[in-house]
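Visitor: I have a new model open. Please show me how to read its features, one at a time.

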Amino acid sequence: MTPATKIMDKDGIRRALLRIAHEILEKNKGTQDLCLIGIRTRGTVLAERIRDCIKQIEGIEVPVGILDITLYRDDLTLIASQPVVRETLIDFDMTGKKVVLVDDVLFTGRTIRAALDAIIDFGRPDVIHLAVLIDRGHRELPIRADYVGKNIPTALNQDVKVLLQPTDRKQDQVVIEQRKIR
Amino acid sequence: MMPWSQHNLLDLQDLSAVEIEMVMETAKSFKEVSAREVKKVPALRGKTIVMLFFEPSTRTRTSFELAAKRLSADTVNIAASSSSLSKGETILDTARNIEAMNVDMIVVRHASAGVPHFLARHLKASIINAGDGCRSHPTQALLDMFTINERLGRIKGINVGIVGDILHSRVARSNIWGLTRCGANVTLCGPSTLLPVEVEKMGVRITHDLDSVIKQSDVLMLLRLQKERQQEKFLPSVREYARVFGVDREKLKVAKKDLIIMHPGPTNRGIELSADVADGEHSVILEQVTNGVAIRMAVLYLLAGTKQRLADSG
């Protein structure tokens, strides 16, 4: 295996999230009706950090929900045993809200499709935007992100890993690894 | 977490403590689904689940059916009285015919112990035991343990008193298996005629003194006095039973303040517990029912992912 290439460091991630926070505020004209939904697990960490950035800028704390998309996956019948389901924690009504969905890496778009279906089951938001730290291309569905930390061209045999504290025990970074050939 | 590998749920003793833990953990997520405005997720879309009930049931059947529907599975109900069984078809033929319609799971309840196990040996569909005779009722025990864990934060080391007709109770048997496996101390209490012989071998304590059980218990599990099975004179009279083994406010004076009282239902108010206890601050009877749907969703979800390892299909 070739060693992992670091493509974003701690400061890079911090600056990208701060810019995304500014863009969200600009596009939505402030924090009115704004809420963030992080997709488990790293999307949640990113959503919380964007909330903190927004608080720094506007002095207002927007609500953050946690979404587990396992039950909405389109490959449940294809995989050998059921993936672990974790809790979805959204303690506010999303009807009429401006929802910003947050995830770490945008790849095929299937996770986002599942997340959209899940959100619609919770209520009817006015708009749903998508914020991702990394867009690595190779979409299989007609989905695009509204806020992107960094666009990275990748090959299909590569893995993009976002490491964030406290979920991962390493310093914040984004790395690309060549997938092992089995 | 380890991947789930069980294809059927027949008895609780087939599950390790880790697997029991996994069902309870999964049920937590499903409890949230039932609290939503839109109580449905697409996880089991396209699966067909048959409820094959040879014994009457309201709670368990409704609970399984809601669980299946909230997972987007299609359900069919078959009651023995209205099926071909009343025309003389064997159970196996009935089940094989149902399976021939490409059914994925069969939830079965029967008055004879072992029927779900028999079907599991002959069918590819996942079999879930919803109560077989006096033997087993695994989902009831799982939901009881889920409720205990939710209320007390743990199962290991707590004192559970199970009171009443242990002899005829599949709920008691499954709970004894599950609770002792997860490290709880279980005490059984009831008239000698309603305690199975050598039940201590399951790792439980036996007593006939209800007061001592109430005093030391964190959880009191009351069982229904099964009137339909009392013709053989197990008791001098139901009134005497109610006086000695029925729980009322007076007897609860010695109880711990945060004692929880459970009952698998249906309750006989005035026999195993008084009405004010059933509706009182210790009672979690309706929570058990709510949690039942979540536990059954978790069981259906986990079992749906595994394929039958064809051993011998008889």
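Guide: Start with the domains of chain B. This is a predicted model. The centres of domain 1 and domain 2 of chain B, taken over C-alpha atoms, lie 25 Å apart. The assignment gives domain 1 as 12-136 + 291-304 and domain 2 as 138-289.

Visitor: How many residues of domain 1 of chain B are in contact with domain 2 of chain B?

Guide: 21 residues of domain 1 of chain B are in contact with 22 residues of domain 2 of chain B. On the domain 1 side, helix H1 (17-34), strand E4 (126-132) and H10 of chain B each supply at least two of the touching residues.

Visitor: Now the core. Which residues touch the most other members of the largest nonpolar core?

Guide: B:Ile106 and B:Leu300 do, in a core of 140 residues. Helix H10 (residues 285-304) of chain B gives the most to this core: eleven residues. Domain 1 and domain 2 of chain B each contribute at least three residues to the core.

Visitor: What does B:Leu300 touch?

Guide: Leave out residues up to four places away in sequence. B:Leu300 then touches B:Leu44, B:Ile49, B:Ala67, B:Ala68, B:Leu71 and B:Met105.

Visitor: Next, sheets. How should I read strand order?

Guide: The general idea first. Strands of a sheet pair through backbone hydrogen bonds, either parallel or antiparallel. In chain B, five strands form an open sheet in the order E7-E6-E5-E8-E9, with parallel pairing. Strand E7 (205-207) and strand E9 (260-262) of chain B are the edges, each pairing on one side only. From one strand to the next, the twist averages 20°. Take one pair from chain B: strand E5 (residues 159-163) and strand E8 (residues 219-222) are joined in parallel by four bridges. There, B:Ile162 stands opposite B:Met221 in E8(B).

Visitor: Over to chain A. Why is strand E4 of chain A described as largely enclosed?

Guide: Count its buried residues. Nine of the nine residues of E4(A) (residues 98-106) are buried, so the strand is largely enclosed by the rest of the structure. Strand E2 (residues 34-39) of chain A runs parallel to E4(A), joined by five bridges. A:Leu36 faces A:Val100 of E4(A) in that pairing. E4(A) also pairs in parallel with strand E5 (residues 127-135) of chain A, over eight bridges. Here A:Val99 is opposite A:Ile128 in E5(A).

Visitor: Is B:Asn102 buried or exposed?

Guide: Exposed, because B:Asn102 has 8 C-beta neighbours inside 10 Å. A:His138 has 13 such neighbours, so A:His138 counts as partly exposed.

Methods: Residues numbered from 1 in each chain as written. Chains lettered and ligands numbered in written order. Predicted model: local features only at pLDDT ≥ 70, side-chain atom pairs only at ≥ 80, totals over all residues. Buried ≥ 20, exposed ≤ 12 C-beta atoms within 10 Å, placed from the backbone. Pairing = 2+ DSSP bridges. Core = buried A, V, L, I, M, F, W, Y, C linked by C-beta atoms within 7 Å. Domains from an automatic or database assignment. Contact = placed C-beta atoms within 7 Å. Axes fitted to C-alpha atoms, helices over the stretch in contact; angles between N-to-C directions.
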